[in-house]
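Subject: Structure handover and notes

Hello,

Here is the structure for your files. My notes on it follow below.

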Amino acid sequence: MFQQPNNMMEAGQLHPLEMTQNTSESEIARMRDEEFDSTTKSGSENNHEAGASGDDQDPRPKKKRYHRHTQHQIQEMEAFFKECPHPDDKQRKELGRELGLEPLQVKFWFQNKRTQMKTQHERQENTGLRADNEKLRADNMRYREALSTSSCPNCGGPTAVGQMSFDEHHLRLENARLREEIDRISAIAAKYVGKPVVNYPLLSSPMPPRPLDFGAQPCTGDIYGAGELLRSISAPSEADKPVIIELAVAAMEELIRMAQMGEPLWMTTLDGTTFILNEEEYIRTFPRGIGPKPSGFRCEASRETAVVIMNHINLVEILMDVNQWSTVFSGMVSKASTLDVLSTGVAGNYNGALQVMTAEFQVPTPLVPTRDSYYLRYCKQHAEGTWAVVDVSLDNLRPTPTVRCRIRPSGCLIQEMPNGYSKVTWVEHVEVDDRGVHSLYKQLVSSGQAFGARRWVATLDRQCERLASVMATNIPTGDVGVITNQDGRKSMLKLAERMVISFCAGVSASTAHTWTTLSGTGADDVRVMTRKSVDDPGRPPGIVLSAATSFWLPVSPKRVFDFLRDENSRSEWDILSNGGVVQEMAHIANGRDTGNCVSLLRVNSANSSQSNMLILQESCTDPTASFVIYAPVDIVAMNVVLNGGDPDYVALLPSGFAILPDGTTTSVGGIADEGCGGSLLTVAFQILVDSVPTAKLSLGSVATVNNLIACTVERIKAALSCENA
């Protein structure tokens, strides 16, 4: 019955905004209101006349009658508009009654006013955008003129507008390097005819590194203050980037040859399971490298091959994403960061991606100093389905006396296999000063089992199986306690993953924290540290006391692992369970080995205050290391997780065990077979000693934790020695 004002505007019937700027807003609004009002009235009259007989209708068009709002009405409605631009029916009726207008007239006036304000705002916004556009156009023209006259800093030739491809940059650098090589040879030849020889320095200078004054105190356990390296290094400068790119290309070439060559570069042991690098042959094969081995450093090189259950593209993504990489290898990487990305790759993937990184590599014990490295990571696709990722140290760019680990070209060659599998050949080649390693772990570290390629590959294989279990959909429903809810499985595995990462980061000699030795001078010393937890939904608030100790057991790692993960033998060592019966309520298998699983345990204690305590536990094992990690959890919170809820808000204080072989023997199929060698066991507890973060730690709390860990160690030794006997 009534025609809406917006439609009238579109039809071109209203043009109040096209008047001259001298017309006041109230005049414009009044004229628009009059036209709306008259249109409404004429529309009503036309409809009324349409109801009469055709004989009574006047064929001549009737002239529109306009109704003018009074100045008082306009002022009142404008005042109301400032307070409420969108009045409801009740407000329109009340306003119309006060001003002597129909509610429909009030409604149309407000609609018209809103349209007017919107148009004015858009006009002002368009004016500003037009000015910005003109400024950008002028800047663009200026930049184009500058680029047209610029020259390439590497080759001296003209540059084209746009970004040079990464491969083209490689070719230009290679061209410059060959030109330099020709000049060098020409200079040497010219020496015999009396012309001066030009000196060409190598990538690594034989001069001793210039010491840097960091001015910070090293942490306890950080034997040489190497943690200062990670805290002091920044992103590389523009002048360093050409050197980094050239080093990356050379390192990639070396890695491929190291992964594919056999004897005499790699010598095999008598059993044919281990490769040993021939250092003399290596120097002859790769004379350039990153310079000679520093004095006091030991060469540590290894190579390992395995087939893992993961697509090659996903593997490359994990290795090139520092967050995913440090999560998958949380047992070996205590912290890592990307300082700069020189190239993100081409064609939407990581082919040609180049990053500058820092990382801290660890063994799960306070007795082995971490290895801090400043290095580049370069990824390249070599053929269809074949990728390689290489690391190499950049310490020559930032010489510092605190460097105790240099990475020679290391990394992995990844080849696509059928059915979503990948073949991984891992090369680990470092030079280290490991004089700070405790005698208990000397054999393990020197054998290469602590940081070598076998541990990297074994960890990757186990984590690939774990990730596959997260995505599994064909869950058997017949077994009791198996969690079949897909969302519940993912949430529980995510919670367990956070628990494992927290445990591994808190048990090593990382520079992120400080250990204090409590008693004795032997290997069984208990080391403690405190941490304040504030505003962290994943940890209970207050003061957390961590305690850890490492010791040797004359029992195979497999037997230690089976004893500690079994809920039936838990009462033999777990003092906090108060001798209660431990029952497994639910579990998720996440690997071929039955020991790889996440469990939810219930402690049926005689103490009524602990009758409802639940324990989340993850046990994992591979040929190089095993872990049994657990944390008390709240029943209500776990119900949320099992129903697929967010696990990030479940407070955890993980404790547990890290089990390593003692280095006297190696294993092929699993973590040291029965009766093979001894074990190195690290026990670590985290206890909330005060729920107030500002409280001070009491000596009584330290003594309690010290006694707790000492009693646990004695119980484990007694139980396993009886079994061994």
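Which residues of the largest nonpolar core touch the most other members? They are Trp325, Phe329, Phe361, Trp426 and Tyr441, in a core of 80 residues. A nonpolar core here is a set of buried Ala, Val, Leu, Ile, Met, Phe, Trp, Tyr and Cys residues joined through side-chain atoms within 4.5 Å. Buried means under 20% relative accessible area, exposed over 50%, and partly exposed in between, with a 1.4 Å probe and protein chains only. Helix α14 (residues 486-507) gives this core its largest share, nine residues. A second core of 31 residues is separate, and includes Ala547, Leu601, Ile659 and Leu720.

Some conventions before the rest. This is a predicted model, in which local features need pLDDT of at least 70 and side-chain atom pairs count only at pLDDT 80 or more, while totals for chains, interfaces and linings use all residues. Residues are numbered from 1 along each chain as its sequence is written, and side-chain values use heavy atoms, with hydrogens and water left out.

Overall

The chain has 17 helices and 19 strands; helices (H or I, at least four residues) and strands (E, at least two) are DSSP runs, numbered from the N terminus. Of its 725 residues, 46% count as buried. Taking contacts (heavy atoms within 4.5 Å) between residues at least 6 apart in sequence, 68% join residues at least 24 apart.

Around the largest core

With neighbours within four places in sequence left aside, Trp325 is in contact with Ile318, Leu319, Val333, Ala336, Met357, Ala359, Phe361, Tyr375, Arg377 and Trp456.

The C-alpha atoms of Glu304 and Trp426 are separated by 5.3 Å, although the two residues are 122 apart along the chain. Beyond its neighbours within four places, Glu304 is in contact with Val424, Thr425, Trp426, Ala453, Arg454 and Val457. Glu304 is buried, at a relative accessible area of 19%.

Helix packing

Two packed helices are described by the angle between their axes and the distance between the axes. Axes are lines fitted to C-alpha atoms, for helices over the stretch in contact, and angles run from 0 to 180 degrees between N-to-C directions. Angles under 35 degrees count as roughly parallel, over 145 as roughly antiparallel, 65 to 115 as roughly perpendicular and the rest as oblique. For residue classes, Ala, Val, Leu, Ile, Met, Phe, Trp, Tyr, Cys and Pro count as nonpolar, Asp, Glu, Lys and Arg as charged, and the others, Gly among them, as polar.

- α13 with α14: helix α13 (residues 453-471) packs on α14 at about 150 degrees, with the axes 9 Å apart, and the pair is therefore roughly antiparallel. Arg466, Ser469, Val470 and Met471 in α13 meet Gln486, Arg489, Lys490, Leu493, Ala496 and Glu497 in α14. These divide into four nonpolar, two polar and four charged residues.
- α14 with α16: the angle between α14 and helix α16 (residues 635-642) is about 125 degrees, and their axes are 7 Å apart. That makes α14 oblique to α16. Gly488, Ser491, Met492 and Leu495 of α14 make the contact with Met638, Val641 and Leu642 of α16. By class there are five nonpolar, two polar and no charged residues.
- α3 with α4: the axes of helix α3 (residues 71-83) and helix α4 (residues 89-99) come within 10 Å and cross at roughly 155 degrees, so α3 and α4 are roughly antiparallel. The contact consists of His72, Gln73, Glu76, Met77 and Phe80 of α3 and Gln91, Leu95 and Leu99 of α4. Its classes are four nonpolar, three polar and one charged.

Backbone points

Most residues other than glycine have a negative phi, and most peptide bonds are trans. The bond from Glu263 to Pro264 is cis, with omega near 5 degrees. Pro264 sits in the loop between α8 (241-260) and β1 (266-268). Asn419 is not a glycine, yet has a positive phi of about 60 degrees. Asn419 is in the loop between β9 (410-416) and β10 (422-432) and counts as exposed, at 75% relative accessibility.

Regards
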